[in-house]
Amino acid sequence: MTPSSDRQAPLRILIGTLVLFALWEYVGHTTDWGRFILPPPDRILGQFWTDRELYWLHGLSTLRSAGLGFLIGTAAALLAAFVFCLSPALELACRGLNIAIFAMPAIVIGPLLVIFFQGNWPQIILAALMVYFPAMSTCLLGLKEVDPRLADLVAVYGGGPGKLMRYVRLRGALPSLLAGLRVAAPLAVLGAVLGEFGSGARWGFGTFLLAALPQGIPARLWGIGIATSLIALAGFVAFLLPARRLATSTSAVTMAAARPAAPAPGARWRVWALAMVAAVLPFALWSLGLWLTGINPIVAPGPLRTLAFVLDGGWRDLFAALGQTLPMAGLGLLAGLAFAFLLAALSILAPTLARALLPVAMVLQNMPLVALVPFVVLMFGRGVTASVFMAVLVVFFPAYVLLNQGFSTIPRAANDLVQVYGGGRVKQLVYIAIPYSISYLFAAARLVAPQALLGVMVAEWLLSGIGLGNLLNMARARLDYEMVWAGAVVSIVISVAVYEIVGALERKVRV
């Protein structure tokens, strides 16, 4: 891509956005969609002006909760990534806990946080929990992806792990970290909105949306969704601009040869021991937390009581619900990854088309799930299609960000080599981009697998009335906390299993 085309990219995006709004205005005024599904922008702006004081009060509350949650989650993520890079054994031991934090269903943890915390802290903590894992995993990926030649150079000059961390790992991790923060910023807003949606808070876009849903005013619903999306989008752009500047100033010159680490002799038993620790640690902390807080076991049953409930017949309802949820989550995961790969590939095959589609993708991703519910119902009904669509939405953009980050780090000399030998953009994609970015591809799959399950469960909770999401919602309504905790544990176990399966596939492919 030439420098002139780089300078023209914002202009093309602006023109594409204006064309999209003009088409939206026309459709909104000339079709029935404008009355029931897709009100034109001028009608949305008019309703926004009418509700401007409410937007200010609700928006400020959501922004405070999301911002503080983002800062807390990011600080914890950076500290954890640094420690895990220095101690891979500790990372393996805490893997189950890390995934459990990210995979715990928001529709379960949100109401429980309301019981334990007051004020805006349930929203803040939920936002921090949703931020932690994407930021930690992408930062850790950047810290680990070190050119072996640079590591050898540091070792030759007498540098140890500390010097390698200071002069190579920390600087090399910045692009991946910024990619992770671009994913985490919208998730912080989503966490705050979901916390408001179920906490009974007075202010916040989640509360505003909950009050607006029964009114059935499409312009107001779209206004809330767009306003929330703009907050999330601002966080995304805040980390996109430095990432682009960093990419232009720190691009690699050549590609490093892959050098998979060989396992140490006799270390297999140690890996299995750490894996057992990873499996047991979340349950141990669960029991310790209940013991320290002294919470009534009726509200928060421990691991043994939850297991007894499952074995005593609870598994029937859980398995029946999972039979409905898992196929939709799997289909949404695969479709979301496919769309993410397609848009990332278009950045190489057809950069102009990719830039034209990016604004639409950004708006769809950054609009919180609960804000999309009314429109998903109107467009897809309350069946399987709506649930799969919600899963695709939550999977697509985080995966795209990581894949695009991998493609953007390809050394220019590698692409030039393909061109010198007469290869086109397709060969650049097949022979350079995909092999070079394989770690980012698998990192994207691990990151979004729990999100696919979350998207389907939110759809089941608010739309379809079937599956695990609906089961947990009904159990919470009838104060059946044993079923609520059992469903949360099952969803976390499934997410951990998928995470490990993807990791095993990555190790097999990269050997």
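Gly465 is partly exposed, with a relative accessible area of 39%. Here buried means under 20% relative accessible area, exposed means over 50%, and partly exposed lies in between (1.4 Å probe, protein chains only). The model is predicted, so local features need pLDDT of at least 70 and side-chain atom pairs count only at pLDDT 80 or more, while totals for chains, interfaces and linings use all residues. Residues are numbered from 1 along each chain as its sequence is written, and side-chain values use heavy atoms, with hydrogens and water left out.

Gly465 sits in the loop between α21 (438-464) and α22 (467-477). Helices (H or I, at least four residues) and strands (E, at least two) are DSSP runs, numbered from the N terminus. With neighbours within four places in sequence set aside, Gly465 is in contact with Glu460 and Asn470. Contact means heavy atoms within 4.5 Å. The C-alpha atom of Gly465 is separated by 9.1 Å from that of Gly383, and the two residues are 82 apart along the chain.

The protein chain as a whole has 23 helices and 0 strands. Of its 511 residues, 50% count as buried. The chain exposes about 24,800 Å², and carbon and sulfur atoms supply 70% of this area. Accessible areas come from the Shrake-Rupley method with a 1.4 Å probe; for residues, only the protein chains shown count as cover. Among contacts between residues at least 6 apart in sequence, 78% join residues at least 24 apart.

Helix α15 covers residues 303-349. A straight helix of 47 residues would span 69 Å at 1.5 Å a residue, but α15 spans only 51 Å between its end C-alpha atoms. The expected span of a helix is 1.5 Å times one less than its number of residues. At Gly314, α15 bends by about 85°. The bend at a residue is the angle between axes fitted to the seven residues ending there and the seven starting there. α18 is mostly covered, with 20 of its 25 residues buried.

Aromatic rings come next. The structure holds 6 aromatic pairs. The rings of Trp315 and Phe319 have their centres 5.8 Å apart and their planes at 70°, so this pair is edge-to-face. Rings of Phe, Tyr and Trp (its six-membered ring) pair if their centres lie within 6.5 Å; planes under 30 degrees apart count as stacked, over 60 as edge-to-face and the rest as tilted. Both residues lie in α15, 4 residues apart, about one turn of the helix. An α-helix has 3.6 residues a turn, so residues three or four places apart point the same way. Trp315 is partly exposed, at a relative accessible area of 36%. Phe319 is exposed, at 55%. Elsewhere, Phe48, Tyr55, Phe205 and Phe208 form one aromatic cluster. Arg52 lies over the face of Trp49, at 4.1 Å from the ring centre. A charge sits over a ring if NZ of Lys or CZ of Arg is within 6 Å of the ring centre and within 35 degrees of the ring normal.

Several buried positions show contacts across the sequence. Thr325 also belongs to α15. Its relative accessibility is 0%, so Thr325 counts as buried. Beyond its neighbours within four places in sequence, Thr325 is in contact with Leu453, Val456, Met457, Glu460, Gly467 and Leu468.

Val490 is placed in helix α23 (residues 481-510). Val490 counts as buried, at 19% relative accessibility. Not counting residues up to four places away in sequence, Val490 touches Leu318 and Leu322. Val490 and Leu318 are 172 residues apart in sequence, yet 8.3 Å apart in space, C-alpha to C-alpha.

Gln47 is found in helix α3 (residues 41-50). Gln47 is buried, at 18% relative accessibility. Residues up to four places away aside, Gln47 touches Ile217, Ala219 and Arg220.

Leu140 lies in helix α8 (residues 121-144). Leu140 is buried, with a relative accessible area of 6%. With residues up to four places away in sequence not counted, Leu140 touches Ala81, Phe84, Cys85 and Glu91. The C-alpha atoms of Leu140 and Arg169 are separated by 9.6 Å, and these residues are 29 apart along the chain.
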